[in-house]
Amino acid sequence: MVARPITVVQMLPGLEGGGVERGTLETGAYLTERGHRSIVISGGGRLVGPLERQGSRHLKWRVGEKTPVCLMYLPALRRLLLRENVDILHLRSRLPAWVGYLAWRSLPPNRRPKLVTTFHGFYSVNAYSAIMTRGERVIAISEIIRTHIRERYDIPDDRIVVIHRGMDHSYFDPERITDDRLASLRSRWGLSDTDAQRPLIMLPGRITRLKGHDVFINSLARIRHLDWHGICVGDTDENPGYVAELTALISRVGLEKRITFARYCDDMPAALMLADIAVSATSGTPEAFGRIAIEAQAMGTPVVASAHGGSLETLLNGKTGWLVEPGDAQAMADALAGAISDAPMREAFGRQGREWVRERFTVEKMCGETLDLYQQLLQGFQ
């Protein structure tokens, strides 16, 4: 392995929140803790502060804007790669990847950093998305994404490396959650004492059509005879038009007093521990990985998830949760009804889920494998 400290530049559109962004922060923190240099280029966002506090340097460049403005950064990026003697250029999203790749290609071959790309999703298959296959190594975040790359793009199999996403088990740790944190969330979300006694069914995630909120709401309508309270946790300001559609749907099915829309939550460990059941209801394009499933399991919360995409790798059906046909509100309702009616089973699934993810899906494992990949690429120059 390379003994000296290395310099890594990661590029992505922004740092507002989400799996790509959090993976970037985790990789940066892992690098700096081990004496390496981490530079992140993005359009900024609420996660810049945490990123910088963890030791990474942030450059606010608008490399994710779908306008000609992003191309103005090509000369600056080229100079940065040379001036900072960057060892690894890690591209995490398509438009920033084009900016990064063009700057990288403009350098003399002997001055180029090693190039890594990460396939974070089921991108549309076209020339624009193909930029994510240009890395000297292409990280697939799940086996299903590796299969997607193999089937859709003509690149050698030995250039694809699967590195599953992970979570920080010191952060997603039930033993660190205090009663005050749980009480604070109940108060913020307006949950009454009566609500607190009912099973809480939670769909956490960005409020987009991808996440299947409509399937979730329709499934709850089918079990209205049972005692429960539903909550959707996600930034309602990000997609207000869709929130209005979902609110109208809730009204049509008569569940206005039983389903709550919470805003952005900055304490997801407590939120997931407060839940009795977590739901991943994606019904169109499947989740490429799906962090919510592993984070919920880490907190001892069983999961009901659509049986496609990353959920097939992160969830053990009948042991840590339930897999249901994607888009099938009745199948989801049946799974939820079974979970609601059997508290001992929920507790058993929760225990088993925590053990399952602690063995397989950790930040340390993810970041360690990423750093190993960087080091292996650099070995060719030593």
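Biologist: Is R83 buried or exposed?
Modeller: R83 is exposed, with a relative accessible area of 52%. Exposed means over 50%, buried under 20%, and partly exposed in between (1.4 Å probe, protein chains only). Keep in mind that this is a predicted model: local features need pLDDT of at least 70, side-chain atom pairs count only at pLDDT 80 or more, and totals for chains, interfaces and linings use all residues. Residues are numbered from 1 along each chain as its sequence is written, and side-chain values use heavy atoms, leaving out hydrogens and water.

Biologist: What does R83 form with E84?
Modeller: A salt bridge, with the closest N and O atoms 3.6 Å apart. The term means a side-chain nitrogen of Lys or Arg within 4 Å of a carboxyl oxygen of Asp or Glu.

Biologist: Why can such side chains pair?
Modeller: Side chains of opposite charge can do so when their charged atoms come close.

Biologist: How far apart are the closest N and O atoms of R37 and E84?
Modeller: 2.5 Å, in a salt bridge. This pair links distant parts of the chain, 47 residues apart. R37 is in strand β2 (residues 37-42), and E84 is in the loop between α3 (74-83) and β4 (88-91). Helices (H or I, at least four residues) and strands (E, at least two) are DSSP runs, numbered from the N terminus.

Biologist: Is E84 buried or exposed?
Modeller: E84 counts as buried, at 15% relative accessibility. R37 is partly exposed, at 36%.

Biologist: New topic. How many salt bridges are in the whole structure?
Modeller: A search finds 23. One of them joins the side chains of R198 and D227, at 3.0 Å from N to O.
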